[in-house]
Amino acid sequence: MSEKSLFINILSCNPKPSAWPSGGWFFTNKGGIFAGMIQRLAILWVLLGGPVFAAEFTQADRDWWAFQPVRQAAMPTEGGGWAVNAIDHFIARKLTVHELSPAPAADRRTLIRRVCLDLTGLPPAPEQITSFLDDDSPDAYEKLIDRLLDSPRYGERQATLWLDLVRYADSDGYKSDHYRPEAWRYRDYVIRSFNTNKPYDRFVREQLAGDEIDPGNRDALIATMFLRHWIYEYNQRDVETQWRDILADVTNVTGDVLLGMGLQCARCHDHKFDPIPQRDYYRIQAFFAPLLPRDSMPVGTVPQRSKFFRKHKAWAAATGDIRRQLDAIEQPALLKNTTGEGFGKFIDKIKTMIRKRPEDRTAYQRQIAELSERQFGVEPAKLPERLMGASKAEWERLRSELKEFEAQKPRPLPQVKFVVSDAGPVAPATRIPKKGDVVEPGFLSILDPGPARITPPQAALQSTGRRTALAWWITDPDNPLMSRVMVNRLWQQHFGRGLAANTSDFGKLGEPPTHPELLDWLAARFVADGWSLKKMHRLIVTSATYRQASTNEQSERADPANTWFARAPIRRLGAEQVRDGLLAVSGELDLESGGEGVAADKSNRRSVYRKVMRNSPNEVMHTFDMPDHISHMPQRNVTTTATQSLLLLNSEWTRQRAAALAKRLAKRHPGNAGAKIVDAHELAFGQAPLPSQLNDALAFLDACGAANKPPGLAALTEYCHVLMNANAFLYVD
Amino acid sequence: MNVRAPVADELFSRRELLLRGGAGFGALALSGLLARDNALAKAARPSFVQPHFAPRAKRVIFLFMEGGPSHIDLFDPKPLLNKLAGQRMPQSFKRPITAMGETESPLLASPRTWKRHGQSGAWVSDWLPHTAGCVDDLAVIRSCWTNGINHSGGVCQMNTGQPLAGRPCLGSWVNYGLGTENENLPAFVVMTDTKSTPTNGPRNWSAGFMPAAYQGIRLNQGAEPFRHLNTPKGVTPETHRRKLELLRRLNERHRATRGHQSELEARIRSYELAYRMQAAAPEAVDLSRETEATRQLYGFGNKDTEPFGRCCLLARRMVERGVRFVQIYHGAGSKWDSHSKMEANHSRQCLQSDLPTAGLLKDLKSRGLLEETLVIWGGEFGRTPMSEKGDGRDHNPTGFTMWMAGGGVRGGQVIGATDELGLWATKDRLHVHDLHATVLHLLGIHNLDLIYHYKGRPENPTINEGEAYKEITMG
């Protein structure tokens, strides 16, 4: 053991004796007299009960912006006359510093298309545009925002962004890419949570520890599927490695999504850039160490679970001997003839864990045995034919004896599948690989160096309470990370770039915020508003900053990257927006909500309801930069490729949308080519055509109509197809 | 020569970056990158279209024998195996975790006839008579090892460096680092010998967390070489042209009212590029332009050899036209996987692949292309000396053989060794990361200096590990 790790072991009160100094430690001299002396004094300090401090961090580490408490600065005075709300004053201050003026406000047509796509993911229908244009009340825009936030489409849109973060999918992601028939319930839970405006802190706590916090609430249990979206290989015989990878995945995604800290660097070594020692990685992983994937999990309030637990315990005690004898007869017969991948392919260590009776397994043995048992099945129904002679007679006798206790058995509680619990009230040890030190749960030590205080829940839950402790720490209003991270993500959603550009990395490899005071002001406001996401969206999209036009010559010249937000960004539609948008324009979009996923190429439902099969993504969406949902994706790539152009120009799918739009137009405006063209522009672009565009369109229809038989609809289809390829459809500004 | 550029003064503007070639297949804008202009500047700049040092190879053809060919029956003879056949592996051999748990099954003899070939005298078995004829061009690496014990993890790792999904594959990294030499064709092309899908599907040639523009593009045989290349049925060329003209006018007008927007310009150019590709691709895949002698060389006219032969010939035509990275799956869908009936399985797989592989090497050589084209042969792992189901072998990730040829590789050498049974790599062990680093080295790229920022983290192709086996070159 190096002196450094020895020192840390003592500093962090490691209870493992081997981690403690052995005889003579005080007198050895490694690394120079002075350094050694200081170290020893520090060790003595701790041994004598002095307050513990983490020694590894420099002042620069401690001063890093993301670790500072959120401070709500006074609102700047700049921006008078232009500003609508606090956001604008903060923006105006930076504009003044950089000698920039904001862009003029966007026209109403541009604005409604922008905000509809941002909040609901769909372009506005011509009727929505008309009613907004016709509303001359001073709060017409605010009323529009309220309508959009109240629409079920809002939750569907916000869910797509969240599902990127949590790498949601409906399949395993390995060779066979098996379908996960229960995963969609999580997607619906997310949509529901956004639509009902569940406070964000509650939303996060449910996902980390819903089973401990609210075990009688089915939704809170479904929320824990957050901890099930890892890729999984159904025939991985190296079970322990797969389990380690799963725990690492869960740790990483928690850091990425909720803390905005890339933890994974610290899995193998101290983080090279951020103050995250390797030990911290395992302190956080230790919260998940007792995790157990559950495919039958009871739903019951603590009293219900307690009642069940008591009765079951009594029954188990009364039948213990019988069941032990039964197992001794049954298990060899069952394991001799297994289905699926079979029992025989595991190494001896794993076989031993599987052979152990469930009630005799340690938590770790339970985790590994149950993960292994997913690979094969047993056939208890065939026991009568597989048991012979004396043992069969004995088996039958024991069975009937057991039956006599049937009445004492508690009635099972309702169940949910594909969720998690702990493997028991005692957590398996978390060790740092290669070093072997046991690590107790704890938070990022730069923020909170002590061990986590963990309160075990009621015995009936058979859980450690570790994840609850983590959930409360992460969602603590004083935690400087979670609120900042989330408001920054919302900012990115509406402005194309976060106030801190790397939305999942607030460390030194990310970029510091361009507007730190605004970020803090928003984070504080978010908490003060009861973690209301809808209020935060409303605040942002009603700001004058958001309402700017996308053109501002001065800003384009002096600030091409738009760092200071003196204009609205021009953004390409995301994958869902392209697919849903084309279906909406063609009039085919099916707005049915919820339920099991559908194949995107065979259905016209919104993209959020498609089956997300990791190995066979939908072609349209993949081409438009849909992430693979294997790992966390905080900011989608936006590419412009010939592949996209070929798909939009030549694929059967886009042609069908064009044909449907042509039919829709023909029905709405029989015989009137001009009206069809105007309507087509309104539908696809949210704008009326210019006179020259109308002429171009008429000329195109004439020329194509002459060349195509039958004329009319065929030519109109070609015209609609062109609109669906146009930048005015593919981009929003 | 070291042409890795200094950072600050050479930072290209937004516009310049957009208009450079080599940003992936038909990619005209990567605003995912642009949004992080500053992050990009801080990193050692990604070397678009510029190697770090003088490359030996300019292009790669990776012949992926999918399912796991048996190194101990093809390139790595083990006399002890035949001596101990039928017995348990001696206790002195460390037991690996294997996919099917066959650690204690009896050892299976290799019934092959082995001979030394060429001037180098390297061993090749009678299953690969044609490859044996090219042995003086090959560097046979007998000491490969990997972590993935199953096909999914193994194939994933051989492509991306790790068994867990999510990272860009080697072809994508090369595409990212070097770009294409022919804008009208993809920089990274993937083929399969049959219609079967390889294990993991398109994930094997995906760009992972990098922009999709760097992914491999599937080249299909038949009327439409690349997906959606052909104008839809019923749309005459005249109508197609008219549509593109109308689209151009709409887009020009849209852009004109929006000041300087390079992404919108790029989108307009992407349609021009699509149009040019529609013209260029059919010529590139037209095998009727090849002579009968060439077709013979690749095994045309024989139903066993022609399917893979066509892929190999297409690969040559692709690299000739500046395609950077070609990957061909032979035995797509784990056809080399021989848990039982080794003899029948490998007889078939070798028959199909051996002659076209040798044909490709000879053809490249005679055209002077081999010097700058690196050819890689191998699967996701090898096979165990222990038997499975009596006449098959389990997966062996701990020691197996691959070979490289051309692209600056010194032919006629054998690198590394496995133990006496071929179970564990023992000498000059080359992990997949080392193999990838070696490939990149031959292309003039230092594996740890090719950086892509993902989630703010600097990522490289070999995950902070891997060392190129530089001795593989001509010296």
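## The nonpolar cores

A nonpolar core is a set of buried Ala, Val, Leu, Ile, Met, Phe, Trp, Tyr and Cys residues joined through C-beta atoms within 7 Å. In this predicted model, the largest such core holds 279 residues. Six of its members touch the most others: Val60(B), Ala139(B), Ala315(B), Val326(B), Val375(B) and Ile376(B). Helix α12 of chain B, residues 306-320, gives the largest share of this core, eight residues.

Val60(B) shows how the packing is built. Setting aside neighbours within four places in sequence, Val60(B) contacts Val174(B), Phe325(B), Val326(B), Leu374(B), Ile376(B) and Val439(B). As a general background, nonpolar side chains in soluble globular proteins tend to be buried together.

## Confidence

The model scores ipTM 0.88 and pTM 0.87. Chain B has a mean pLDDT of 88. In that chain, 89% of residues reach 70 or more.

Two segments of chain B call for caution. Over residues 1-24 of chain B, pLDDT stays under 50. The model still has 45 contacts beyond four places in sequence for that stretch. Residues 29-48 of chain B also stay under 50. For them the model has 50 contacts beyond four places in sequence.

## Chain A

Chain A has 733 residues, and 49% of them are buried. Its secondary structure comes to 31 helices and 11 strands. Along the principal axes, the C-alpha atoms of chain A fill a box of roughly 90 × 75 × 45 Å. Of the contacts in chain A with a separation of 6 or more, 70% are between residues 24 or more positions apart.

Helix α12 of chain A covers residues 239-259, 21 residues in total. From first C-alpha to last, α12(A) reaches 29 Å, close to the 30 Å expected at 1.5 Å a residue. Gly260(A) follows α12(A), with a positive phi near 60°.

## Chain B

Chain B has 475 residues, of which 58% count as buried. Its secondary structure comes to 14 helices and 18 strands. Among contacts in chain B between residues at least 6 apart in sequence, 78% join residues at least 24 apart.

## A hairpin in chain B

Strands β3 (residues 114-117) and β4 (residues 122-125) of chain B pair in the antiparallel sense, over four bridges. His117(B) has Ala122(B) in β4(B) as its bridge partner. Arg116(B) stands opposite Trp123(B), also in β4(B). The hairpin has four residues between the strands. There Gly118(B) takes a positive phi near 65°.

Asn200(B) has a positive phi, near 80°, in a residue other than glycine. Asn200(B) sits in the loop between β6 (188-192) and β7 (217-218) of chain B. Is Asn200(B) buried or exposed? Asn200(B) is buried, because 24 other C-beta atoms lie within 10 Å and the cut-off is 20 or more.

Ile463(B) is another non-glycine residue with positive phi, near 55°. Ile463(B) is found in the segment after β18 (457-459) of chain B. Ile463(B) has 15 other C-beta atoms within 10 Å, so it counts as partly exposed.

Technical notes
Residues are numbered from 1 along each chain as its sequence is written. Chains are lettered from A and ligands numbered from 1 in the order in which they are written. Helices (H or I, at least four residues) and strands (E, at least two) are DSSP runs, numbered from the N terminus. A residue is buried if 20 or more other C-beta atoms lie within 10 Å of its own, exposed if 12 or fewer, and partly exposed in between; C-beta atoms are placed from the backbone. Two residues are in contact if their C-beta atoms, placed from the backbone, lie within 7 Å. Two strands pair if DSSP finds at least two bridges between them. The expected span of a helix is 1.5 Å times one less than its number of residues. pLDDT is the predictor's confidence in each residue, from 0 to 100.
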